[in-house]
Amino acid sequence: MNNAQLNELKQRYVANGAASPATQFADRAENALIWDADGNRIIDFAGGIGVLNVGHRHPKVVEAVKAQLDKVMHTCQTVMPYEGYVKVAERLSQVTPVRGHAKVMLANSGAEALENAVKIARAATGKNNVICFDGGYHGRTFMTMAMNGKVAPYAADFGSMPGNVFRAPYPVPYHGVSEDEAIRGLKMAIKTDANPRDTAAIVLEPVLGEGGFYPAPASFLKAIREICDEHGMLMIVDEVQSGFGRTGKLFAIEHSGVEPDIITMAKSMADGMPISAVVGTDKVMDASGPNSLGGTYTGNPLSCAATLAVLDVFEEENILEKSMALGDKLAKRFSQWQSDFDCVDNARNMGAMAAIDLVSDKSKHTPDADLAAALCKKAREKGLILLSCGLYGNTIRFLMPVTIEDEILEEGLDIVEAALKELVGSKATA
């Protein structure tokens, strides 16, 4: 079927809230390229929203999934366990920087991992509250919607959210929130709302994902660790988007040297196969009773095979080094754009987790969400998938595969530059 026929089916049968606004349908993909149902070639700077750090259909991952397909597809690991689940748990325990010996539970999605992290924290501490941060994003289930630091579009239509969730400022100096102000706000939340004797955990992203790709300073993360220790709360770090090599480390928290009690992960851990994990200190992870964690599809054999292959690829193909090199290339082009365009500001990256802001006034840092939307639309018309994000909707984030070929990267960046020139002109042409 072609794009037009598929769009007609989409409009008739797919719920509006779940339907993509895109009118092109993926037919096949390889590394950083997708071909749609009409045969059009598209460069992918979204990576399935950070899922494809090692590229579409990495050959070693495809081979591993096919091999597993010939053996076992499903048993439900709580009914009949299998090698893949325990091997993934072993590998993640070895590489995840939590305090002490790590134990693992597998789930299906980032949101499911966060839900279970909260459950585990409550069981381990006997407390209920969680503290989250402005701009944070943790998922679309009810508990994670309550935890998100942004209402629309995630929670606006769905009524009351679960309680026992409190919010603190995230340090983004560009938007007027200094690290000192963020710490002051957190301490005030603890004093005025989230009594430590009732608070199980502080949950945060070491680099905001949907919130705009702002990394937390190492000193801020160390302060969170100290506050948690002072008050007997757990530190939960959400690495769903920042993990698996995006920042040049396997996990972004490694840049700080801080060891949390629990880390959640998903997205790029299986190169597109659905899986997530909660990895935490053994005593914490073992706090809840038998059969209290899990689900029918958690740690599916095919997804476990994909995860093990991804971990091998990281070791064999120097993915972390490639992430740092990609980040350097992006930073160089971003710097050029900041000089050439009045609308491009606040370029930033931690490894290949990179972004720019689009503004209408650089001196006032005035967000221009309309321009960000227009740029993404114009890029799509030119054959490039580009994503915006951020609390103000004006951040352009770059999530191309870390394995992208140099010529494809440059072609995609040239499209962004050409689209900007068409939309706003440049200082050189003004």
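Q: How much space lies in the second largest pocket?

A: The model is a predicted one. A volume is the space filled by probe spheres, and in this case about 340 Å³ lies in the second largest pocket.

Q: Which residues line the second largest pocket, and which are the closest to its centre?

A: A lining residue has an atom within 4 Å of a pocket point. Here the lining comprises 14 residues, and Gln-68, Lys-71, Glu-83, Gly-84 and Leu-308 are the closest to the centre. The elements α3 (59-69), α4 (83-95) and α10 (301-316) each give two or more residues to this lining.

Q: What is the make-up by class of the lining of the second largest pocket?

A: Of its residues, 8 are nonpolar, 2 polar and 4 charged.

Q: How much space lies in the largest pocket, and which residues are the closest to its centre?

A: The volume of the largest pocket is about 1200 Å³. It is lined by 41 residues, with Ile-49, Arg-140, Glu-210, Leu-387 and Arg-397 the closest to its centre.

Q: Which elements give two or more residues to the lining of the largest pocket, and which gives the most?

A: Two or more residues come from each of β3 (41-44), α2 (47-50), α5 (110-125), α12 (369-381) and β15 (387-389). The greatest share is that of α12, with 4 residues.

Q: From which domains does the lining of the largest pocket draw at least three residues, and what are its classes?

A: Domain 1 (3-57 + 318-424) and domain 2 (72-317) each supply at least three residues. By class, this lining holds 19 nonpolar, 12 polar and 10 charged residues.

Key:
Residues are numbered from 1 along each chain as its sequence is written. This is a predicted model: local features need pLDDT of at least 70, side-chain atom pairs count only at pLDDT 80 or more; totals for chains, interfaces and linings use all residues. Side-chain values use heavy atoms; hydrogens and water are left out. On a 1 Å grid over the protein atoms alone, a cavity is a set of points where a 1.4 Å probe fits but cannot get out, and a pocket is an open set with protein on both sides within 12 Å along at least five of seven lines; lining residues have an atom within 4 Å of a point. Ala, Val, Leu, Ile, Met, Phe, Trp, Tyr, Cys and Pro count as nonpolar, Asp, Glu, Lys and Arg as charged, and the others, Gly among them, as polar. Domain bounds come from an automatic or database domain assignment.
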